[in-house]
Structure formats: structure tokens, C-alpha cells
Amino acid sequence: MLIGEVARRSGVSARMLRHYESLGLVRPSARSGSGYREYSGEDIQRIFQIESLRSLGLSLREIGRALDDPGFVPSVLVDDLIRRTRERIAAETELLTRLRRIHAAEPAGWEDVLQVVALLQALGSKSADARQRAALSSAAEVPVEALVEAALSESDANVAGALRWALARSGDGGPALLAQALGSPAAAVRERAVRSLAELSGDEATEQLRKALAHPDAVVRGQAALALGTRGGTDAVPTLIDMIVEGRNDTDAADALSALARDTTTADRIAISLVDRLAQDTTRAPARGRLTQALADIPGARASRALVELSHDADRAVALTATYLLRLREAR
């Protein structure tokens, strides 16, 4: 079979077939009387083998080794191909993400494109100062997805604060993206997500924080409860009391309860909840002491009566604490 017919049937151009021959990959078995290359059935089979291996990403040099070296081990090369393919996919995915973010920024011209690229690169800088400067200047220029990703991966406290500031001033979409990150298997990512969510205003952020009260991670629940406490969310009261009992950010939790006790009804409900937990935790002296102290800044007659009762508690430490707190309330 002549080269033209082989090219037509195989889909490999005559020029490429000649290139294969120059590299020694294919050697036509014979020549016609006019000197034209003639390919045998075995030659054509080898051409298809070459094309099959090319489809896997092998170079022509690697293909030559694979077909001609009896000691060639395919698994080694396939492992290397897998590694290279993963690296290529990762690079292409990163490029696609960057392009989408530039598109989301809706640049009006190439100067805007370059500005977004510069900010994205700065957010990924190894320098904490560079990342912080980028965060403080990127709220309006960088898509919220990029800010969320940066905030979730940032370990420097100052840069993290700047990124949360930028997120709070960015466009829509932040609460939903941060809520998704609450499902991360990494505890550090979950904590960064809830801290960032706590600094976002608006109904959507508040609703996501309410949902986080049921999160299995105690840190997430606690941060959500503290944030809701500053927003007047009384549904955070049970979690705040849990934090006091467990000694996790108990001072902040007590402050949040005090801030929520703005009216008589709410203050009495909080006082009743604290007293109920005191009754439940009869054998946990430290927890009972913290619960007693939390009553100090809860206004109203119900909290005062509870402290009077606790001043006669069988636990001397609790009784002394309650007596001291009653004197402070009377002195106000």
C-alpha cells in the first residue's frame, strides 16, 4: 500500500508518516518499482500503535522505546503520565479559575484586567505584608470568590483580619460560599469560615449563623452564637450557656448573654436558663461557679432572686460568689 492510501485510511498525514520514518518509528517494508514507499499490513498496524500511544500523551521518543525496547516497563511510564496529567490539569484549573475571576470583575479595559491580575497575584504572595496590602485595596476590584479562598487559607492573624474586612465590603455571594466552607474536613478552615461569616452584615449572613448553631463542631457553634448575640439573636442563648458550662470563651459568652438581656422578658428567660443549668450541674463545681458569675450582669428581679438562693448554696464557693455579686448589684 502506497503512502497516500495509508494516509487516507489511517488519518495520519503523508508528511507525518515521513516524519515517523525519519525518526525510525516506521520503516516501510518495500519500495515499488518506481521507488515509492510500500507499507505492509504490519507497517500499518505499527502506525496505529503509534497513534494509540500518542493519544495517551507519550512523546515520539517514548513511543519508540515502548515499541522497540523488550525490557520496557509500561507501568513506570504510565505512572509518570498520570503525574504529568494531574499537574497539567491542576495548572489548567488554576488558569480557568483566574480567568473566571477576571471575568467576574467585569473589567472595562486591559488596564482593569492587569489591575485584577496584580491583586490576585498579591493575594497569593509569600509576603504577609503584600497579602495584607492587597486585601485592604481589593474589596471593590477582586471577585468575592477570590477573597473567600484567600480568607479560608490565611494563617496570619493580621492578613486574615484584613481579608475579613474586605469580604465585609465585597459584593453578594460571600455568606453562601463561607457557609459551604463550614463543611470542610479541616478544623482551621471551618473556624476561618465562621469568623469571616460573623463579620458579614445582612440577613443572609445572620441566617447562615443561625444554621451554624447546629454544627457538630463546638468551635463553629460557639463563634456563631457569639456573633448572633451581638445581633440580638436570642436563639443563641442555649449555645452561649453551653460555652459557659464547658469553659470555652465563657467570659465572651457571659458578655453576649448580658447584651441580649435588654428587656425584662428576655432577661428573665436567660436567668431561668442559667438557674436550670445550675440545678443540672450539681457535681461540677467550676461550671456552677461560672454559671453563677454569668448571673451578675443579667438585670431584673429573677436574676436577683436566683443569686439570693445561691448565696445559701451547699457549695461554699458558689454561695460566696453569689453573696459577693448581690453586694455589687445593691451598690449600683
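**Close-up views of a predicted model**

**View 1. Helices H10 and H11 cross with their axes within 8 Å.** This view comes from a predicted model. Helix H10 covers residues 174-181. The two axes cross at roughly 155°. Angles over 145 degrees count as roughly antiparallel, so H10 is roughly antiparallel to H11. The crossing of H10 past H11 is left-handed. From H10, the residues that meet H11 are Pro 175, Leu 178 and Ala 181. On the H11 side they meet Val 189, Arg 190, Ala 193, Ser 196 and Leu 197. Two packed helices are described by the angle between their axes and the distance between the axes.

**View 2. Within helix H11, Glu 191 and Arg 195 lie about one turn of the helix apart.** Helix H11 spans residues 187-198. Glu 191 and Arg 195 are four residues apart. An α-helix has 3.6 residues a turn, so residues three or four places apart point the same way. The side chains of Glu 191 and Arg 195 meet in a salt bridge, with 3.2 Å from N to O. Are these two residues buried or partly exposed? Glu 191 is partly exposed, at 29% relative accessibility. Arg 195 is also partly exposed, at 34%.

**View 3. A salt bridge joins Glu 62 and Arg 84.** The closest N and O atoms of this pair are 3.2 Å apart. Glu 62 is buried, with a relative accessible area of 15%. Arg 84 has 27% relative accessibility and counts as partly exposed. The structure holds 17 salt bridges. Side chains of opposite charge can pair when their charged atoms come close.

**View 4. Arg 131 and Glu 154 form a salt bridge through their side chains.** The N to O distance is 2.7 Å. The pair links distant parts of the chain, 23 residues apart. Arg 131 belongs to helix H7 (residues 128-137). Glu 154 is in the loop between helix H8 (144-153) and helix H9 (157-168). Which side of the 20% cut-off for buried residues do they fall on? Arg 131 is buried, at 13% relative accessible area. Glu 154 is buried too, at 7%.

**View 5. Helix H14 is mostly covered.** This helix runs over residues 237-246. How many of its ten residues are buried? The count is seven. They are Val 237, Thr 239, Leu 240, Ile 241, Met 243, Ile 244 and Val 245. What covers these buried residues? The cover includes helix H13 (218-230), helix H15 (250-260), helix H16 (264-280) and helix H17 (285-294). After H14 comes Gly 247. The phi of Gly 247 is positive, near 75°.

View 6. Arg 290 lies in helix H17. Its relative accessible area is 22%, so Arg 290 is partly exposed. A polar atom of the Arg 290 side chain lies 2.6 Å from the backbone oxygen of Val 245. Arg 290 and Thr 251 are 39 residues apart in sequence. In space, their C-alpha atoms are 8.7 Å apart.

How values were computed
Residues numbered from 1 in each chain as written. Predicted model: local features only at pLDDT ≥ 70, side-chain atom pairs only at ≥ 80, totals over all residues. Heavy atoms only, no water. Buried < 20%, exposed > 50% of the residue type's maximum accessible area, 1.4 Å probe, protein only. Helix = DSSP H or I, 4+ residues; strand = E, 2+ residues; numbered from the N terminus. Contact = heavy atoms within 4.5 Å. Salt bridge = Lys/Arg side-chain N within 4 Å of Asp/Glu carboxyl O. Polar contact = N/O pair within 3.5 Å; in protein donor to acceptor, adjacent residues only side chain to side chain. Axes fitted to C-alpha atoms, helices over the stretch in contact; angles between N-to-C directions. Parallel < 35°, antiparallel > 145°, perpendicular 65-115°, else oblique. Left-handed = near helix turned anticlockwise from the far one by under 90°.
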